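Dear colleague,

My findings follow it, and I would be grateful if you read them with the model open.

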Amino acid sequence: MWQPQAAFSTQSSRTLINRWLQNQTGEPGSPVFFDNDRHRQQSHCFRTLTGICMSTTSSLSLKKLYSGKVRDLYEIDGQRMLMVASDRLSAFDVILDQPIPDKGKVLTAVSAFWFGKLKGMVPDHLTGDRVEDVVAAAELPLVAGRAVVVKRLRPVPVEAIVRGYLVGSGWKEYQLSGTVCGIELPAGLQEASRLPEPIFTPSTKAEVGDHDENISYARCAEIIGRDLAARVRDASIQLYQAAAEYALSKGIIIADTKFEFGLDEDGILTLMDEVLTPDSSRFWPADEYAEGTNPPSFDKQIIRNWLEQSGWNKQAPAPHVPQDVIDLTAAKYREALERLADSKTV
Ligand SMILES: Nc1ncnc2c1ncn2[C@@H]1O[C@H](COP(=O)(O)OP(=O)(O)OP(=O)(O)O)[C@@H](O)[C@H]1O
Ligand SMILES: [Mg+2]
């Protein structure tokens, strides 16, 4: 029987998840990405790479379970965790030394907005508990606006990417083979073309230092099982469609996005992590959209562009980014929130 506590323990979790995969697929579990491997390596990464990075939560008295590139997870009890979004920014899979002011608050506000908007479509990981009720009063300022109380889920070990437009790695693959993640697309599409319908293009969850790898739907079904793969695909496409329609009414095109799901103790598919933020999606201003060009976006593209032109070899550590580039990036994140949620609360 599944135990929530095991979701973030070490060797026992690996055995557990492999056993779970065997149950799902009826065959020996294929090697999978497991969060905890990344946790161990990534914690080390933070210590060496992010000395001055905003470490918003280092003095929380809750036990830290995991440090991702952006979020930290803390144990509340066997069923619940505190998820805290820092101001860290990762580009080309390296975490910058410099935080982006208030980025974690913006990401938390954007996610909260979407969880509300999409409520009822798919169960989500929010417990509804107040942060004030699980964090000591003296520590509240450390997490204000950047923390939520979430259900402790067993992560589904694929990234659920939906693409509505042809860009990035999808555009690269299409130019070579006329496909994206093995899905045949009509001939004659250009960069940033709108696809005839949104497509589900999963990827692996890479170990730290590695890049997520696009995989076919068939491979996704091998990893997580046919039934679960179909549920993840259908939920992701429905969420994307609803969100894209709403965002367009606010002048934003959601070119693509990545969802993450987990299973609760009853095996219910549950939306988790961040939802439709500038970190997990490409948002384009609709009025600047033009087929055949890669439109500007409300995300870290500004920093990526600066890093690309700096001649950096994309190995850690990243070079020092000028303050005006940092400030512009912070402004772009805020603009995404303001446009989507009509909110200036951060
Ligand atoms: N409710 C939940 N239960 C279990 N794990 C969760 C839950 N919500 C989020 N997570 C996990 O917490 C981690 C958050 O970390 P973070 O967002 O910094 O990403 P990351 O691990 O560096 O990876 P990525 O770049 O793919 O987002 C992710 O690994 C995510 O899968
Ligand atoms: Mg993440």
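Is the crossing of H3 and H9 left-handed or right-handed? In this predicted model, the crossing of the two helices is left-handed. Helix H3 comprises residues 103-117 and helix H9 residues 323-341; their axes come within 10 Å and cross at roughly 20°. Angles under 35 degrees count as roughly parallel, and H3 and H9 are therefore roughly parallel to each other.

The next point concerns a sheet. Four strands form an open sheet in the order S1-S2-S3-S6, and their pairing is antiparallel. Strand S1 (63-67) and strand S6 (147-151) are the edge strands, each pairing on one side only. On average, neighbouring strands of this sheet are turned by 30° against each other, direction ignored. Within the sheet, strand S2 (residues 71-75) pairs with strand S3 (residues 80-85) over five bridges, in the antiparallel sense. Asp72 has Val84 in S3 as its bridge partner.

Finally, I turn to the ligand. Ligand 1 is surrounded by 19 residues, of which the closest are Gly68, Lys69, Val70, Arg71 and Leu153. S2, S6 and strand S13 (252-263) are the elements that give two or more residues to this shell. By residue class, the shell holds eight nonpolar, three polar and eight charged residues. Both domain 1 (13-153) and domain 2 (155-316) contribute to the shell around ligand 1, with at least three residues from each.

With kind regards

Methods. Residues numbered from 1 in each chain as written. Chains lettered and ligands numbered in written order. Predicted model: local features only at pLDDT ≥ 70, side-chain atom pairs only at ≥ 80, totals over all residues. Pairing = 2+ DSSP bridges. Axes fitted to C-alpha atoms, helices over the stretch in contact; angles between N-to-C directions. Near = placed C-beta within 6 Å. Nonpolar A, V, L, I, M, F, W, Y, C, P; charged D, E, K, R; others polar. Domains from an automatic or database assignment. Parallel < 35°, antiparallel > 145°, perpendicular 65-115°, else oblique. Left-handed = near helix turned anticlockwise from the far one by under 90°.
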